[in-house]
Amino acid sequence: MLSFIAFSLALSSCSAKSGVTFGPENVFNDAGYIPVASGTKELFYWFFESRNDPTTDPFIIWMSGGPGCSSQLAMFAENGPYHVNKKAGGELYLTLNEFSWNSNATVLWIDQPAGAGFSYGVPDFGEKGVANDMWSFLMGFYKKYPKYQGLDLHIFGESYAGHYVPATAAKIIDNIAAGMGEVNLKSIAIGNGLTAPGVQFEHYLPYAKVCQCWQPNPTPPNFTQIHPPSPHFIIQIPP
């Protein structure tokens, strides 16, 4: 149902350009597709400008995890401008989220990798493939909306985006150094990230034992072999 709402609102977002907005949010917002991988994939995005000052406030890209979870879920249920509510008769309606991240930043929610949410094309769940696609997306987005390119960029994500956020940042830094484009990357952040399962998972059971909420398995599986840690976990963004 949330996906249906996201699709319906995305179709209506073009009305924001004429000063007519859909739902209680009244800032400029837009949704659409950016082609990547030589046009073989299309990544869906939806962004809302800052309620404060979109000309100077930072620009945030939000990446959900999964892999394969639509970021529109985060937009409607976590950190976006709307709350989805249900009337007694079952009818859905929107209310404004006063704590939305776009209160002081322009925020873009992207469905990635290809195949997640409304994005389409052959999916590539590897860090290298996602990072390449995100770089192509960013260059295409700046070409379509050049006024945002000079803003400070912050890339945030959750869960399995603990792999994709650092990989994307590393790709941006490498391509900037190679003179392939201009991106004002300032920071990255990961919430509840699945970045190095081989390190993280081995501490879950001891922690649960200390909390007395679960008894540890005496022979836990070797998660390092199942999910190798991200090689891009530790990066340094130049000043």
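**Reading loops, sheet and helices**

Guide: Pro 113 is located in the loop that runs between E6 and H3. Please keep in mind that the model is predicted.

Visitor: Which residue is joined to Pro 113 by a cis peptide bond?

Guide: The partner is Gln 112, and omega of this bond is about -5 degrees. Pro 67 has its place in the loop between E3 and helix H2 (71-77).

Visitor: What is to be noted about phi of Ala 37?

Guide: Phi of Ala 37 is near 55 degrees, a positive value although the residue is not glycine. Ala 37 belongs to the loop between E1 and E2.

Visitor: In what order do the six strands of the open sheet lie?

Guide: The order is E1-E2-E6-E3-E7-E8, with mixed pairing. Strand E1 (29-36) and strand E8 (185-191) are the edge strands, as each pairs on one side only. Direction ignored, neighbouring strands are turned by 20 degrees against each other on average.

Visitor: In which sense do E1 and E2 pair?

Guide: E1 and strand E2 (residues 41-48) pair in the antiparallel sense, over eight bridges. In one of them, Ala 31 has Trp 46 in E2 as its bridge partner.

Visitor: Which strands does H3 touch as it packs on the sheet?

Guide: H3 touches E1, E2, strand E3 (59-63), strand E6 (106-110) and strand E7 (153-158), and its direction makes about 125 degrees with that of E1. H4 also packs on the sheet, where it touches E3, E7 and E8. The direction of H4 makes about 170 degrees with that of E8.

Visitor: At what angle do H3 and H4 pack?

Guide: Helix H3 (residues 127-144) and helix H4 (residues 161-177) pack at about 60 degrees, and their axes are 8 Å apart. H3 is therefore oblique to H4. Their crossing is right-handed.

Visitor: Which residues meet where H3 contacts H4?

Guide: On the H3 side they include Val 130, Trp 135 and Leu 138, and on the H4 side they include Tyr 164, Ala 167 and Ile 172. By class, this contact has eight nonpolar, four polar and two charged residues.

Visitor: How many salt bridges does the count come to?

Guide: A pair is counted when a side-chain nitrogen of Lys or Arg is within 4 Å of a carboxyl oxygen of Asp or Glu. By this rule there are four salt bridges. One of these joins the side chains of Lys 41 and Asp 133, at 2.9 Å from N to O. This pair links distant parts of the chain, with Lys 41 in strand E2 and Asp 133 in helix H3, 92 residues apart.

Conventions. Residues numbered from 1 in each chain as written. Predicted model: local features only at pLDDT ≥ 70, side-chain atom pairs only at ≥ 80, totals over all residues. Heavy atoms only, no water. Axes fitted to C-alpha atoms, helices over the stretch in contact; angles between N-to-C directions. Helix = DSSP H or I, 4+ residues; strand = E, 2+ residues; numbered from the N terminus. Parallel < 35°, antiparallel > 145°, perpendicular 65-115°, else oblique. Left-handed = near helix turned anticlockwise from the far one by under 90°. Contact = heavy atoms within 4.5 Å. Nonpolar A, V, L, I, M, F, W, Y, C, P; charged D, E, K, R; others polar. Pairing = 2+ DSSP bridges.
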